[in-house]
Amino acid sequence: MRGQFSTRLGFILVSAGCAIGLGNVWRFPYIAGKYGGAMFVLFYLGFLAILGLPIMACEFAVGRASQRSVATSFEVLEPEGTKWHWYKYGAIAGNILLMMFYTTISGWMAYYFYKMLIGDFNGLTAEAVGILFGNLLADPLTMFGYMAGIVVICFGVCYLGLQKGVERITKTMMLCLLALMIALAINSLLLPGAGKGLEYYLLPNWQRFIEYGAQEVIFAAMGQAFFTLSLGIGALAIFGSYIGKEKRLAGEGIWIIMLDTFVAVMSGLIIFPACFSYGVDPGSGPNLLFVSLPNVFIHMPYGQIWGSLFFLFMIFASFSTVIAVFENLTSCFSELLDVDRKKIILCLIPTIIILSLPCILGFNVWNGFQPLGTGTGVLDLEDFFVSNNILPLGSLLYLVFCTSRYGWGWKNFFQEVNTGEGLKFPQWLRVYMTWGLPLIVLYIFVTGYYSIFFAK
């Protein structure tokens with residue numbers, strides 16, 4: 001018998017945990033500040049509504065109607081003789097590729113939490129913190145240990161089962177994450193000079209908007225809204241397969257998007273007031289998280305405690321995504337091979353650990369391998385395959401499958417998405433989802449390629 005979530009709150013928090021990841025915490029505040037503060041945020045919220053919600057509804061509807069993971073859901077729903085189910089290979093590859101580098105980055109969070117907790121950052125200059133991070137990247141054994149530990153822990157959660165493991169533990173982590181965010185934001189807002197950080201982050205800045213140009217700002221907002229929800233690889237569809245028919249899916253999707261946005265916005269309230277209070281450049285890219293912020297925490301009152309809580313929050317944000325994707329992979333291979341999920345997990349643990357090694361080695365042993373140009377590495381290549389290829393093309397496939405008469409079709413999708421009580425998914429979106437939204441997704445796909453290979 002297929003497992004089910006025990007509560008609606010569990011479904012919402014686990015699905016939100018899948019969407020909420022390190023991109024919310026680092027990338028959103030950084031690009032929001034860069035592209036004009038509130039100007040960018042308004043575009044971002046608009047694109048979440050017109051991009052994220054419809055595609056999320058498609059994933060949830062396919063999962064709930066089929067009661068299967070992406071590995072077999074298309075076979076259950078597709079018209080006889082069609083080949084939509086071929087996409088299962090792309091979706092499974094996307095989940096695996098994502099974990100091949102996400103587990104390593106999650107390991108960095110655990111490493112920083114440990115270092116902050118035991119006081120190893122105390123007394124270090126910003127340059128010394130940078131050296132510490134560089135030493136981590138140059139040490140494959142340490143990175144391997146943290147990565148392997150995270151793989152074992154997160155698959156261990158899945159091993160406990162859907163309700164006792166994935167739902168119970170992710171729900172607890174998400175509630176702790178939200179509580180930590182509020183405490184960290186209050187602490188940052190009370191720092192001297194925090195007001196300047198709020199102005200930089202939240203007040204509309206036409207100068208920055210004009211400097212980068214409307215097209216670049218709008219595309220950045222569109223891309224962030226699209227990629228933040230990890231759409232197109234079935235990572236959300238699996239949780240749709242674990243829920244009943246009591247609630248309509250549009251309302252559930254809105255709750256998940258609201259939580260995802262709340263975490264992203266609150267992250268900025270933590271980071272920017274602290275940066276301006278201690279004179280740190282908020283536009284320092286990846287160094288913001290791994291060099292600048294540790295230096296901020298060690299100079300503020302009770303900074304070791306606040307820094308430890310911040311990286312604990314980062315661990316919760318990353319673990320919730322890893323557990324969700326591991327659950328999707330577990331269900332996929334269990335259905336494909338008709339093997340008990342616990343046996344699948346015992347096989348997946350060493351497999352993911354081995355497949356994650358290239359990302360680790362790309363920072364040291366293989367650092368001469370720069371496939372996408374100077375300054376890139378294995379992680380960038382893996383991220384390129386996922387973010388610039390599988391996510392947009394997978395989202396496009398879900399859209400066409402749910403709207404085309406050659407796929408599942410609008411009638412079946414519309415009936416499924418509106419089964420139950422709650423907010424109704426509007427009929428008038430049919431033309432937009434059939435023609436307009438696929439063009440937007442294609443635009444994101446093409447522009448992503450152009451920005452990497454042709455833009456100067």
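Helices are DSSP runs of H or I spanning at least four residues, numbered from the N terminus. In this predicted model, helix H8 covers residues 162–189 and contains isoleucine 186. The relative accessibility of isoleucine 186 is 47%, so this residue counts as partly exposed, a class that lies between the limits of 20% and 50%. Isoleucine 186 also belongs to a nonpolar patch on the surface, together with Ile182, Leu190 and Phe262. The accessible area of these four residues together is about 390 Å².

Serine 73 is located in helix H4, which runs over residues 73–77. With a relative accessibility of 1%, serine 73 is classed as buried, because the value is under 20%. When residues up to four places away in sequence are not counted, serine 73 is in contact with Val62, Ser66 and Arg68.

Backbone geometry was examined at two loop positions. Most residues other than glycine have a negative phi. Tyrosine 302, by contrast, has a positive phi, near 55°. Tyrosine 302 sits in the loop that links helix H14 (287–297) to helix H15 (303–337). Its relative accessibility is 65%, and tyrosine 302 therefore counts as exposed, the limit being over 50%. A positive phi near 55° is likewise found at aspartate 338, a residue other than glycine. Aspartate 338 is placed in the loop between H15 and helix H16, the latter comprising residues 341–355. Aspartate 338 has a relative accessible area of 72% and is thus exposed.

Cysteine pairing was considered next. A disulfide is a covalent bond between the sulfur atoms of two cysteines. Zero disulfides were found in a search of the whole structure. Cysteine 359 takes part in no disulfide, and the nearest cysteine sulfur, belonging to cysteine 154, is 16 Å away. Cysteine 359 is buried, with a relative accessibility of 0%. Cysteine 402 is also in no disulfide. For cysteine 402, the nearest cysteine sulfur is that of cysteine 58, at 3.9 Å. Because a disulfide requires sulfur atoms within 2.5 Å, the separation of 3.9 Å does not qualify cysteine 402 and cysteine 58 as a pair. The relative accessible area of cysteine 402 is 0%, so cysteine 402 is buried.

Key. Residues numbered from 1 in each chain as written. Predicted model: local features only at pLDDT ≥ 70, side-chain atom pairs only at ≥ 80, totals over all residues. Heavy atoms only, no water. Buried < 20%, exposed > 50% of the residue type's maximum accessible area, 1.4 Å probe, protein only. Contact = heavy atoms within 4.5 Å. Patch = residues over 30% accessible without salt bridge, like charges linked within 9 Å, V, L, I, M, F, W, Y side chains within 5 Å. Areas by Shrake-Rupley, 256 points an atom, 1.4 Å probe, with all protein chains shown as cover. Salt bridge = Lys/Arg side-chain N within 4 Å of Asp/Glu carboxyl O.
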